[in-house]
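Biologist: Please walk me through reading a few backbone and side-chain features. I would like the general idea, then the case at hand.

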Amino acid sequence: MSDITSAPGGRGRHRKTKQPGEGVRRAVVLALAVPVASAALAGPSAFAADNRATVAGHSKSDQTAGVDSGDQQMVANLESRIADPRLGTEVSGVVLDAGSDATLWDHNGSTALMPASNAKLATATAALTVLGPEHRFQTKVVYGHGTLTLVGGGDRTLSGDDLAQLARTAVAGLKKAGLTTVKVAVDDSLFPEPTLADGWNEGYYPDTVAPVRALVVDGHGVMDTSIDAGQVFARLLAADGVTVDGDVTHATADRSAVPVAHHRSAPLADIVQHMLKTSDNNIAETLLRMTALRAGRPATFEGGTEVVRHVLSHRYGVSLDNFELHDGSGLSRSDRIPAATLAQILERVTEPRYAHTLKPVLDGLPVAGEAGSTLGPEYGRFDDPHSECAVGKVRAKTGTLTGAIGLSGLTRTDDGEWRVFSFVENGATAAQADTKDAMDGLAATVNGCWA
């Protein structure tokens, strides 16, 4: 589980509908692959989107101007319920009408707060845009100089069964060549040596997040996931009659090494959906690095977050005012993202022109009451008298850190129109479960079932 928390107890638009496709992904990659200063990256772009300005705070009279009677009631309810003491005093929220781009309600929406795992929405958007939803990650086995080397390709979903298939294929090749003894090495040189992000502490390792490496099996939470995967691989070889000489070591595979076996991951679309449903920190950090590499940047926190900023601003026209991102998972206590920015990211998911690329974000958002997701009943979500009416009606990304809770998502009105919302609080003193209940109630208010 990736949010840091306790264990479980349409309206017509006058818009282009052309989907970005591979051509646009290439444009994003090429733009990022040119070494330019950060200031240049913040400038105008040939593929900028609608460039909607940052949502500003509104007075109560502004809130209801031009809003129909049903939405006026929602706004009035939100104005009252945002003052719930369980949410504390440092709380922000935004509600957008996705069909018209109108801001229906704004409470400190441009205030930058610690977003927790809501930051994964930015990471997912950048990964899908730069890599493409059909992209697959490859893990290889190569042979040279008496050594089988397991080469990591950034697949954070590699399973024991996948590794067993790689071992079987490798053993068949060895036996065909008359070889019965090998050394085993692991090559995770795709990523540099792991470091802590700004805002992380060593206490995160290895349970909340593991040091970010390009090779791991079964999501094992250990300090060196590459050596761990190599040891599993070596045991599989031995079980199939091959003698493994010595300990598993780190090495960089020689370019002349002979390819022996390879495994391709599920499509990125599936990986992103799983990452969002379960709020998987390790997948998020791996995707940040793979996105950076594809865009010609170093596979580091800094390289990845630079690409995220570029994609959000230049591809989708999302405001980066007061936006500060230091990792891919939202674990950093130095991250700051306004609710208005989170809502803009999610609004793009509803646009037909981005549907092919960003649909996995929509599909990956946990559904209120969905078992196995971070909005499931095992986490006590949407189960009180005010919010239980929204079960099955709200899709939202959760976020939980000590001192920070967020909920950003979408819901449909009775006439089928999307309402996009983001709520973030920092510093509430109530129990986390009580603060989450209050936030679930806000989402139910946006849906309209808690009228």
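Biologist: Which residue in S13 stands opposite glycine 406?
Modeller: Valine 424 does. The model is predicted, so read this as computed geometry. S12 and S13 (residues 418-426) run antiparallel, and nine bridges join them.

Biologist: How many bridges pair S11 with S12, and in which sense?
Modeller: Eight bridges, in the antiparallel sense. S11 covers residues 394-401. There, threonine 398 stands opposite leucine 407 of S12.

Biologist: How do side chains sit along a strand in general?
Modeller: In a regular strand they alternate between the two faces of the sheet.

Biologist: How many of the nine residues of S12 are buried?
Modeller: Eight of the nine. Buried means under 20% relative accessible area. S12 (residues 404-412) is therefore largely enclosed by the rest of the structure.

Biologist: What should I look for in the hairpins?
Modeller: Look at the backbone phi in the turn. The hairpin of S11 and S12 has two residues between the strands, and glycine 403 takes a positive phi near 85 degrees. The hairpin of S12 and S13 has five residues between the strands. Glycine 416 has a positive phi near 85 degrees there.

Biologist: Which residues have a positive phi although they are not glycine?
Modeller: Histidine 145 is one, with a phi of about 55 degrees. It lies in the loop between strand S4 (138-144) and strand S5 (147-151). Histidine 145 is exposed, because its relative accessible area is 74%. Aspartate 218 is another, also with a phi of about 55 degrees. Aspartate 218 sits in the loop between S6 and H7. At 46% relative accessible area, aspartate 218 counts as partly exposed.

Biologist: Is the peptide bond from tyrosine 205 to proline 206 cis or trans?
Modeller: Cis, with omega near -15 degrees. Proline 206 is in the loop between strand S6 (181-187) and helix H7 (225-239).

Biologist: What is the disulfide count, and which cysteines are joined?
Modeller: The count is one disulfide. Cysteine 389 is joined to cysteine 449, with S to S at 2.2 Å. The pair links distant parts of the chain, 60 residues apart. Cysteine 389 is in the loop between helix H12 (355-364) and S11, and cysteine 449 is in the segment after helix H13 (432-447).

Biologist: Is that disulfide right-handed or left-handed?
Modeller: Read the torsion about the S-S bond. For cysteine 389 and cysteine 449 this torsion is about 60 degrees, so the disulfide is right-handed.

Biologist: Are its cysteines buried, exposed or partly exposed?
Modeller: Cysteine 389 is partly exposed, at 25% relative accessibility. Cysteine 449 is partly exposed, with a relative accessible area of 27%.

Note on methods: Residues are numbered from 1 along each chain as its sequence is written. This is a predicted model: local features need pLDDT of at least 70, side-chain atom pairs count only at pLDDT 80 or more; totals for chains, interfaces and linings use all residues. Side-chain values use heavy atoms; hydrogens and water are left out. Buried means under 20% relative accessible area, exposed over 50%, partly exposed in between (1.4 Å probe, protein chains only). Helices (H or I, at least four residues) and strands (E, at least two) are DSSP runs, numbered from the N terminus. Two strands pair if DSSP finds at least two bridges between them. A disulfide is a pair of cysteine sulfur atoms within 2.5 Å.
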